[in-house]
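Biologist: Hi! I'm new to this one, could you walk me through it?
Modeller: Happy to, let's bring it up.

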Amino acid sequence: QTEAYISNKAESMGADIDVVVQLSEQEPMIPISVSITGDVSPYIKSRLQQIISNDIGLCEEALQWD
């Protein structure tokens with residue numbers, strides 16, 4: 001669900017990305033890191049970082065851009 005949420009946000013901004021979310025092993029499973037692949041503008045990258053931080057609760061260090 002988290003991958004789809006991030007992908008949909010990016011798509012609404014005109015970006016085509018692939019998202020992989022790593023989840024914790026304990027219950028409840030929560031996102032612990034996000035890997036994003038795709039060519040995005042600095043503006044979209046900044047917006048996605050804000051969304052991931054504000055909506056999902058992950059810090060910038062848990063986000064990897066490929």
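Biologist: Which residues does Ile52 touch, leaving out those up to four places away in sequence?
Modeller: This is a predicted model, and in it Ile52 touches Ile6, Val34, Ile36, Gly57, Leu58 and Leu63.

Biologist: And which residues touch the most other members in the largest nonpolar core?
Modeller: That core has 17 residues, and Ile52 is among those with the most contacts to other members, along with Ile6, Ile17, Val19, Val34, Ile36 and Leu48. At least two core residues come from each of helix H1 (2-12), strand S1 (18-23), strand S2 (31-37), helix H2 (42-56) and strand S3 (63-65). H2 gives the largest share, four residues.

Biologist: Switching to the strands: in what sense do S1 and S2 pair?
Modeller: They are antiparallel, with six bridges. Leu23, for instance, has Pro31 in S2 as its bridge partner.

Biologist: How many bridges join S2 to S3?
Modeller: Three, and those two strands run parallel. Ile36 stands opposite Trp65 of S3 there. Between S2 and S3 the chain passes through H2, making a right-handed β-α-β crossover.

Biologist: Back to H2, then. Is Asn54 buried or exposed?
Modeller: Asn54 is in helix H2, and it counts as exposed because its relative accessibility is 63%, with the cut-off for exposed being over 50%.

Biologist: How far apart are Asn54 and Pro28 in space?
Modeller: Their C-alpha atoms are 20 Å apart, and in sequence the two are 26 residues apart.

How values were computed: Residues are numbered from 1 along each chain as its sequence is written. This is a predicted model: local features need pLDDT of at least 70, side-chain atom pairs count only at pLDDT 80 or more; totals for chains, interfaces and linings use all residues. Side-chain values use heavy atoms; hydrogens and water are left out. A nonpolar core is a set of buried Ala, Val, Leu, Ile, Met, Phe, Trp, Tyr and Cys residues joined through side-chain atoms within 4.5 Å. Buried means under 20% relative accessible area, exposed over 50%, partly exposed in between (1.4 Å probe, protein chains only). Contact means heavy atoms within 4.5 Å. Two strands pair if DSSP finds at least two bridges between them. A crossover is right-handed if, with the strands pointing away from the viewer, the path from the first strand over the helix to the second runs clockwise.
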